[in-house]
Amino acid sequence: MGKQYEIPVGAQHISLLEPLHFKFTTENERIVDTAANVFYVHRGIEKACCTKFKFRQVSFVVGRVCGLCSISHTTAYSQVAEKLVKIEVPPRAKYLRMLVIELDRIHSHLLCLSHVAENSGFEALFMKTMQYREAFMELLEAVCGNRVQYDFAIVGGVARDLKPTVVLMIRERMDHFRHQLEELIDIFRNNWTLSLKNKSAGAISRDDALRLNVVGPFARAAGLAIDVRNETEDLLPWKEVGFTIVTGTSGDVYARNLVRLHEIEVSMRIIENVLDGLPESALVTETKAFPDGEAVVRIEAPRGELFYYAKGNKTQVLERLKIKAPTFSNISAMVEGFQGSEYGSAPAIIASYDPCLSCTAR
Amino acid sequence: MKKVETTVESLKRDIGNFYQPDKHHFIVMNAVDLGEKLEVQWFFSDYDPPYDITTFYTIIEPQEELPSIKEIISSAWVAEAELVDLIDIHIENTGKGFVLEEDSEMAPLRKKK
Amino acid sequence: MKTFFKALGNLFKRPVTVKYPFEKTFIPEDYRGVIGFNESLCIWCHRCESACPPGAIVFSQDMEGKQRYYYNRAVCIFCEECIRSCPKEGALYNTHQPAQCAVKEDNINNGWNILFEEALQSRAAYAAEKKRLAAEKAASAKLQAEKAAQVSKE
């Protein structure tokens, strides 16, 4: 047995995008043990939503939990508040919510892929993927009015309508992006130097994924076919617009990259179906009721399953709001997934888990 | 959503009989401050249709100690450590300090009188 | 090998970077910008003030009853909740302009907190004064009615 060293990959590190802290115990460059510390950006959002803000204003507060999956949080909160005041959302609002959720998924997956490429040493691919992502940021700005904070879903429906010029812009950019996506799939699948860093790094088996309750592309790459869009048909009609589930087999960084790229293909198909079949109706359902009772909602954010629990007490202010982020479920699997890997691939493995610490430590 | 009542003594037995790793998915653990007492909830979902959500809940006094479910579900240590700091419930084998530092305000999610 | 030739080809292409803020970037025509106020259409119902999530709108009232509208572009999150809750169309509208930066002389943070408290207090003071005047008037009217009843009895 060689000598063991403890190396921290700390809250401030040159390759980390998120403020998390791992302390690795290594022996001859192989990792044997890990300790994690993740609550660096705790802001007390659950407490603020139950004391300072009225229940209609909470959807704007909750959208600022995370910058990458902002639409998932606002939509999930709007759905749980609609269950508490017992109203139904008009069909056009449901389709527009699905459109923005899928556009958001594309830009978030492109960000994660570019970060994995950068940490594996392939900086030119990082720049190329970010260049392709810029087209989608401008598209989201045309649809929602802002690049990062959409404020799109409100209690009762959506805030703005989709103009015909914007529909043309979406179709044009998707056509342009199609052959760019094929080029990216070709590089991530066949490039030899990238595969040296990514194959068999950070692998997790299907049994471990079941035992540790992982969610998102992390679980789907290990062979576990779970996706909340497969399981909830009553709130948003995913199967109607052509959703299919994408899985991998080997559970390592290489499989996760391919799962994300194929999910981008599925998202593009969903967006085209939504634009072709957009129904005509109102945008918002008005109501004067106050929230009462308890309700629970799950939604598929780009990183996995997002869970909301809310309890009302017939006043303007909620009694309790509980948010469970997808990375929260993955923390114990992240800690176990480092076992046996080389210390040099730790940044690439962390990037492939796609952690979002703002959601976790709200 | 199906709510199933349990007690502090029968918690490990109820969850141990119910949870199967290839059929159920443990989502999260939650606690609500009801004023004099606390309601603690455990959420599970199904991997197979019809994809129901099952909730185990129990109502306890603030000073009671709950048993931990880490031996049945190994990934539950994160949820338990978060609740111990934020709502100040007592769970066996779980210490404070994962979320909040020593000089911060304790138990922020409890209602202050 | 393919990537190597593509990288060589990139040497002869234009860079894709946009040198913002010296060059203009893409801004759509319905960009969510600063909120504008049309005083002639306002009915002073205060619905925008109670709907605003961060508290960027406040109304103050002087002792004659005239109200005044204050808006802070640094606190505003441009969510348009105020426009949706306003019952009069056109009193509040979106100017589609990005907010300008604030300098230290504007005192836009601490100065706004003080202004907010003073505005709420001025409204409370006006309401208390009105209540006191109404109570006085009611008391003197009651006194006159009693006197009139006594005179008619005699």
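Tutor: Start with helix H4 (residues 91–119) and helix H13 (residues 346–353) of chain A: they pack at an angle of about 175°, and their axes are 8 Å apart. The axes here are lines fitted to C-alpha atoms, for helices over the stretch in contact, with angles running from 0 to 180 degrees between N-to-C directions. H4(A) and H13(A) are therefore roughly antiparallel to each other, a label for angles over 145 degrees. Helices, by the way, are DSSP runs of H or I with at least four residues, strands are runs of E with at least two, and both are numbered from the N terminus.

Keep in mind that this is a predicted model: local features need pLDDT of at least 70, side-chain atom pairs count only at pLDDT 80 or more, and totals for chains, interfaces and linings use all residues. Residues are numbered from 1 along each chain as its sequence is written, while chains are lettered from A and ligands numbered from 1 in the order in which they are written.

Who touches whom? On the H4(A) side you'll find His115(A), Val116(A) and Asn119(A), and they meet Pro347(A), Ala348(A), Ala351(A) and Ser352(A) of H13(A). Contact means that the C-beta atoms, placed from the backbone, lie within 7 Å. Sorted by class, that makes four nonpolar, three polar and no charged residues. Nonpolar covers Ala, Val, Leu, Ile, Met, Phe, Trp, Tyr, Cys and Pro, charged covers Asp, Glu, Lys and Arg, and the others, Gly among them, are polar.

H4 of chain A also holds Glu102(A). With 23 C-beta neighbours inside 10 Å, Glu102(A) counts as buried (20 or more other C-beta atoms within 10 Å of its own). Setting aside neighbours within four places in sequence, Glu102(A) contacts Ser267(A), Ile270(A) and Ile271(A). Ile271(A) is 169 residues away along the chain, yet the two C-alpha atoms are separated by 6.9 Å.

Now zoom out to the chains. Of the two pairs in contact, A and B share the most contacts. There, 21 residues of chain A meet 20 residues of chain B. The chain A side has nine nonpolar, four polar and eight charged residues. The contact between A and C takes 15 residues from chain A and 12 residues from chain C. H5(A) gives the most to the chain A side there, with five residues. Chains B and C have no contact, and their closest C-alpha atoms lie 21 Å apart.

Note on methods: Angles under 35 degrees count as roughly parallel, over 145 as roughly antiparallel, 65 to 115 as roughly perpendicular and the rest as oblique. A residue is buried if 20 or more other C-beta atoms lie within 10 Å of its own, exposed if 12 or fewer, and partly exposed in between; C-beta atoms are placed from the backbone.
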